[in-house]
Amino acid sequence: MKNVTHSFVFLAHWPSAGSFGLNTDILATNLINLTVVVGVLIFFGKGVCASCLLKDLLDNRKQRILSTIRNSEELRRGTIEQLEKARVRLQKVELEADEYRMNRYSEIEREKANLINATSISLEQLEKSKNETLYFEKQRAMNQVRQRVFQQAVQGALGTLNSCLNTELHFRTIRANIGILGAIESKR
């Protein structure tokens, strides 16, 4: 076992010029490995050329990429159509909302004007009713004052007449009034 390990260590320290050994340079080994793989494919492929395989792989890849692009384009067109439909619906809804808003504003303005008119009419009627009530109350108060003044005047006159009149003067006044009433009756 010691000899096997020693031989691997020996291979790792072998000089690379003019001999076979392990090459740790990745860039140089990739080119060599690719050349070996292409050579093996050509040798064992027998009629299947590496460029044909590579071309088929590239064509398949191209077809998948084109298919993906077509699908993406179709999805994009569908999305654009949906976006346009949504924009049209949005504009329609905005127009309906504006129309509704304007109708509501017009209706509110009409109701406001009607309410103002109704309130104005009610206030005018209340003012008229108040003025009529004040007029009638004023007339009633004046009538009451007149009636009191008249009653006081009549009572004062009766008091004066009763104190000034004697029976003879009283009878003469009654006869004069009866004569006046008789003259009025005869003229008719």
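User: What makes the pair Arg104 and Glu107 a salt bridge in this model?

Analyst: In this predicted model, the closest N and O atoms of Arg104 and Glu107 are 3.0 Å apart. A salt bridge requires a side-chain nitrogen of Lys or Arg within 4 Å of a carboxyl oxygen of Asp or Glu, and therefore the pair with its 3.0 Å separation qualifies. Both residues lie in helix α3, 3 residues apart, which is about one turn of the helix. Side chains of opposite charge can pair when their charged atoms come close.

User: Why are Arg104 and Glu107 called partly exposed?

Analyst: Arg104 has a relative accessible area of 33%, and Glu107 has one of 29%. Buried means under 20% and exposed means over 50%, with partly exposed in between, so Arg104 at 33% and Glu107 at 29% both take the intermediate label.

User: How do you know that Glu73 and Arg76 form a salt bridge, and how are they placed in the helix?

Analyst: The closest N and O atoms of Glu73 and Arg76 are 3.1 Å apart, and because the limit is 4 Å, the pair counts as a salt bridge. The two residues are 3 residues apart in helix α3 (residues 50-164), and are therefore separated by about one helical turn. Glu73 is partly exposed at 31% relative accessibility, as is Arg76 at 44%.

User: What makes Lys130 and Glu127 a salt bridge, and how many salt bridges does the whole structure have?

Analyst: For Lys130 and Glu127 the closest N and O atoms are 3.2 Å apart, which is within the 4 Å limit, so this pair too is a salt bridge. Lys130 and Glu127 are likewise 3 residues apart in helix α3, about one helical turn, and are partly exposed, with relative accessibilities of 41% for Lys130 and 39% for Glu127. A search of the whole structure finds 6 salt bridges.

User: How much of the protein chain counts as buried, and what supplies its exposed area?

Analyst: Of the 188 residues of the protein chain, 1% count as buried, a label that requires a relative accessible area under 20%. The chain exposes about 17700 Å², of which carbon and sulfur atoms supply 63%. Its secondary structure consists of 4 helices and 0 strands, following the pattern α-α-α-α along the sequence.

User: What does the model show over the residues that UniProt lists as "coiled-coil region"?

Analyst: The unreviewed UniProt entry lists residues 76-103 under that name. Over residues 76-103 the chain is 100% helix and 0% strand, with the end C-alpha atoms 40 Å apart. The name itself comes from the record, and the annotation may be inferred rather than shown by experiment.

User: Where is confidence lowest, and where is it highest?

Analyst: Confidence is lowest in helix α1 (residues 2-12), at a mean of 46, and highest in α3, at 89. Over residues 3-14 the pLDDT stays under 50, and the model has 2 contacts beyond four places in sequence for this segment. For the protein chain as a whole the mean pLDDT is 81, with 80% of its residues reaching 70 or more.

Methods: Residues numbered from 1 in each chain as written. Heavy atoms only, no water. Buried < 20%, exposed > 50% of the residue type's maximum accessible area, 1.4 Å probe, protein only. Areas by Shrake-Rupley, 256 points an atom, 1.4 Å probe, with all protein chains shown as cover. pLDDT = per-residue confidence, 0-100. Contact = heavy atoms within 4.5 Å.
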